[in-house]
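Here is a protein model to explore together. Keep the 3D view open and look up each spot as we get to it.

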Amino acid sequence: MVSFEHERLLESLANAEQPPLDAPELSRWLRGERHLKLFRDDTSKSELALAVLSPAQTLVNSFVVPSDLPELTGGPLQLMKWSPNPLHHDASTYAWSWDVSGVHPVHTNDEKQRGTFDLPPAVSPLVFFRSMEGDDSVSREVAQDFIHSAGIHWQRERSAFSRIDFRGDWEDVISQSTREQSAPADLFSVRRDVLDLHLLALDAVLVRVFDFVLRRPSLPSTFDFSDHAVRQVTDEPDFQYREMVNAGNFGLIRGAQIVRPRLSAQETEQLVKEGRLIDPSESEPVEFIVQDIRNGGTAKVSTDPRTTTNYFETAGNSLPFETSPAYFRPEVLAKYKANSEKYEVFEDHILCRGGWWLKSYSANAAGQIAVYICDLRDIPHEEQIYWKTYNQPPKAGLSARVIQTDFEAKLPQETTPRERLVETVERWRADKVGWWRWRLSGSTNDLAIPRMENRREWSDAVMWLSSGIVEGFVVKDIRRVLREEGVEFDTEWKSIKLLEQSLPARGVLLPAGQLEALREVNECRVKSGAVHAVGREADEFIKGLLEEHNSYRAHFESLCDRVAKELILVEGAMTEA
């Protein structure tokens, strides 16, 4: 998978190399009309071709050249001696000379059948296609200084050197297509803004050297290629070439192009400081309904810092505090919970992969999600727009726990059922108990209380309890305990049944005679549809559950509370004195 812009560039290249059937059009094609237009046009687009190596003998290679290099003053034609073939370049090699100082590095530009030219020391290719004698494979590399400066890494599945952007999405900076991937040509292309920043930082330009070999499809192999006209084209100061043409039969076009960075000072500053170009619309503040904890009631406050104040700057104004909470429907979390690869949704904050984070959020008694306006300011503008669609007036204030921790600087007076459950699980993991193992790929942070009141979210939470806790019990170790206590058991019994026999044998009495909460976890998992198709019986089970607890959230918190208590009982019985 490569970028859309790269695909379009590859498609344009394939179209340019296809000989037309119409005779007048073929004549223009043999003079490189399509090829020249392609490499003129891509300089104004967001993706620029860096290197091309095609079976049709279209060759392009790119060099980073200091702006003050003397050879530039004579125009691109002075640079045509550099090879357009990316296979003919090494970053450096060794040379020996008696009249210098023995061995020294040389930057070569070896072009077959044309001789060897030494590149000026400050000139370097951006892309290297390297092959080894006796091995047909080709390794394709990018200059390390560019890779490191741009913060990009090779991503094989994307066929690109990529990085994570401010949204947490993959951004392909240098894309490649190869003939091994069934592409019509080897093509390397680069995002123009990232390239321009690199050139500006080096006070350099990009020089592309190109060579196009164009033939009439039915041209016989015995054709006399010596019969041609040579023409030098130098109309454009930064795009010059020579052509050798035999009208209607073949054309050889060789030239060079200077690509100069086009970023403004403001765009350059944005790329350095923010890593991206910022849309002007992002400066527009987003307005939210908040609970005005300073003045009472509600107020409309924007993400513009000038619309709020803090506790130290209250003199002469009645502005709401920047810690004024905005409230949202719980469905606002759905976007983030649906994409666990990109987002991590914790109980009190949200992390976006490589991008942004929402420092703090909480839930109130009415089930609303509360976020301070100062924290909303720190997430991207488009995320603020998303949250605004779920904004609503407060149905209840902040929870007592949040008031204690955030405003009174006190530790919570009591832990939640989820916290007690997680605390036990983490203790088992740290102690590496033999009768239970952590089997999930994630962490206990993945256990989240259902907030959106939908069956799917509740089902996912139940699945975590089942997979993370119940399936962690090691049957053979529980059986060993039963043998030590002289208790007979059936080999068909699963972990919960075995535990229910082990606990009394170790002197731990179960109030209901069985581990009801752990059994309920498995029952909920089955009837939630997480592992089996749901039917009328499952629907009736869910209906009864909601009638008893009023909400999925209340049921799950109750289940966590009861499971946490049973885990303490299990721990007491299974831990040897």
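What volume does the second largest pocket have? About 750 Å³. Keep in mind as you read that this is a predicted model.

H12 has the largest share, with 7 residues. Sorted by class, the lining has 14 nonpolar, 5 polar and 6 charged residues.

Now go to the largest pocket, which has a volume of about 880 Å³. Its lining counts 28 residues, and Ser-399, Arg-401, Val-402, Thr-416 and Arg-451 are the closest to its centre. Two or more lining residues come from each of strand S24 (362-363), H10, helix H11 (417-431) and H17. The largest share belongs to H10, which gives 6 residues. Here the classes come out as 8 nonpolar, 9 polar and 11 charged residues.

## A closed-off space

You can find it by picking out its lining: Ser-360, Tyr-361, Ser-362, Ala-370, Val-371, Tyr-372, Leu-398, Val-402 and Asp-406.

Strand S25 (369-372) and helix H10 (400-407) each bring at least two residues to that lining, with S25 giving the largest share, 3 residues. By class, the cavity lining has 6 nonpolar, 2 polar and 1 charged residues.

Which helix holds Thr-268? Thr-268 sits in helix H6, which covers residues 265-274. Thr-268 counts as buried because its relative accessible area is 19%, and the cut-off for buried is under 20%. Setting aside neighbours within four places in sequence, Thr-268 touches Leu-197, Leu-200 and Leu-263.

Just after H14 comes Gly-507, with a positive phi of about 85°.

How many disulfides does the structure hold? The number is 0. Take Cys-524: the closest cysteine sulfur is in Cys-560, 11 Å away, so the two are too far apart for a bond. For comparison, the cut-off for a disulfide is sulfur atoms within 2.5 Å. Cys-524 is buried, at 0% relative accessibility, and Cys-560 is buried at 0% too.

## Salt bridges

Side chains of opposite charge can pair when their charged atoms come close. Searching the whole structure turns up 47 salt bridges. One of them joins the side chains of Arg-40 and Glu-236, at 2.6 Å from N to O. This pair links distant parts of the chain, with Arg-40 in helix H3 (residues 33-41) and Glu-236 in strand S15 (residues 229-236), 196 residues apart. Arg-40 is partly exposed at 30%, and Glu-236 is partly exposed at 29%.

Another salt bridge runs between Glu-484 and Arg-506, whose closest N and O atoms are 3.5 Å apart. Glu-484 lies in helix H13 while Arg-506 is in the loop between H14 and H15, so the pair ties together parts 22 residues apart in sequence. Then there's Lys-565, which forms a salt bridge with Asp-561, again with 3.5 Å between the closest N and O atoms. Both belong to helix H17, and because they are 4 residues apart, about one helical turn separates them. Finally, look for a network: salt bridges with shared partners join Asp-477, Arg-480, Glu-484, Glu-485 and Arg-506.

Definitions and conventions
Residues numbered from 1 in each chain as written. Predicted model: local features only at pLDDT ≥ 70, side-chain atom pairs only at ≥ 80, totals over all residues. Heavy atoms only, no water. Buried < 20%, exposed > 50% of the residue type's maximum accessible area, 1.4 Å probe, protein only. Contact = heavy atoms within 4.5 Å. 1 Å grid on protein atoms, 1.4 Å probe; cavity = no way out; pocket = protein on both sides within 12 Å on 5 of 7 lines; lining within 4 Å. Nonpolar A, V, L, I, M, F, W, Y, C, P; charged D, E, K, R; others polar. Points joined across faces, edges and corners; volume = space filled by probe spheres on them. Salt bridge = Lys/Arg side-chain N within 4 Å of Asp/Glu carboxyl O.
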